[in-house]
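Reader: I have a model open and want to talk it through. Can you take me over the fold and a few side chains?

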Amino acid sequence: MSNPTENNEAPPVSLKEMKKFEKWTKSLQYITGLGMTEAEKQEFKKRLDVDLEEYQCNQCEVWRDNLLKNSPPVRFMVDQLKKLDKNMTKEDFQCMPCDETKSGGFSPVHGILLCQNRLGTKTMEEHTMVHEMVHMYDHHKFNVDWNNLKHQACSEVRAASLSGDCRWTREIQRGFFTFTKQHQACVKRRAIISVTQNPNCKDKEEAERAVSSVFDSCFADTRPFDEIY
């Protein structure tokens, strides 16, 4: 039997390789605008969006599962919530696309939202998970009325302070950095942004008043942590 390589014949190309080449060709056409009709461009863009969304969802879920097993602050919050008869599983964290105003969310009914398109690193996802779990802790530990701006403001202060959201490295990435009271400034700023999004909040000034009225006491309350980690 003759060997294809001996006859200078190229080995057969797999269907997977053909599809990769086709996708690469289409991508090049889309970028350059050559060889594609407007309808084909729109259809290919939809396919790219679907591929990206699937990738982001998968990455979010992989990080979520790993953090639930291996992250000290996430595991700590899981244990603390268990003491409040709230057993956390991966199903309590839903990865979904969001608008650019948030990276996560908490709902007493639906659980925790992880914004798959807003979490560019595993560390960001870790901070977001802890942030939202602090909200869940407050919900089960205290009599929180999420329609009350002061109640929400207190939980937002605690979540921003305790989750790692306001670490100096994160603030540098956002373009905010000072040498004095950076952590407090970040906590207050991010709490105000969150309270402003409450449907019952009229404007930023009302959010600022709500946060200022509870800031000192809520910033000092590090439960269930012994201190800001």
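**Fold and rings**

Author: Before anything else, this is a predicted model. From the N terminus on, its elements run α-α-α-β-β-β-α-α-α-α-α.

Reader: How many helices and strands are there in the protein?

Author: The protein has eight helices and three strands.

Reader: What order do the strands take in the sheet?

Author: The three strands form an open sheet in the order 1-3-2, and the pairing is mixed.

Reader: Mixed how? Do strand 1 and strand 3 run parallel or antiparallel?

Author: Parallel, with four bridges joining strand 1 to strand 3. In that pairing Phe-93 stands opposite Ile-112 of strand 3.

Reader: And strand 2 with strand 3, parallel or antiparallel?

Author: Antiparallel: strand 2 (residues 104-107) and strand 3 (residues 111-115) pair over four bridges. The bridge partner of Gly-104 in strand 3 is Leu-114.

Reader: What joins strand 2 to strand 3?

Author: A hairpin does, through three residues.

Reader: Changing topic. How many aromatic pairs are there?

Author: The count comes to four aromatic pairs. One of them is Tyr-137 with Phe-142, an edge-to-face pair with 6.4 Å centre to centre and 80° between the planes.

Reader: Why is Tyr-137 classed as buried?

Author: Because its relative accessible area is 5%, and buried means under 20%.

Reader: And Phe-142, how does that one count?

Author: Phe-142 counts as partly exposed, at 27% relative accessibility. That class lies between the under 20% of buried and the over 50% of exposed.

Reader: Now the whole chain. What percentage of the residues count as buried?

Author: Of the protein's 229 residues, 36% count as buried.

Reader: Last one, on contacts between residues at least 6 apart in sequence. What share joins residues at least 24 apart?

Author: Among those contacts in the protein, 58% join residues at least 24 apart.

Methods. Residues numbered from 1 in each chain as written. Predicted model: local features only at pLDDT ≥ 70, side-chain atom pairs only at ≥ 80, totals over all residues. Heavy atoms only, no water. Pairing = 2+ DSSP bridges. Helix = DSSP H or I, 4+ residues; strand = E, 2+ residues; numbered from the N terminus. Buried < 20%, exposed > 50% of the residue type's maximum accessible area, 1.4 Å probe, protein only. Contact = heavy atoms within 4.5 Å. Phe/Tyr/Trp six-rings, centres within 6.5 Å; stacked < 30°, edge-to-face > 60°.
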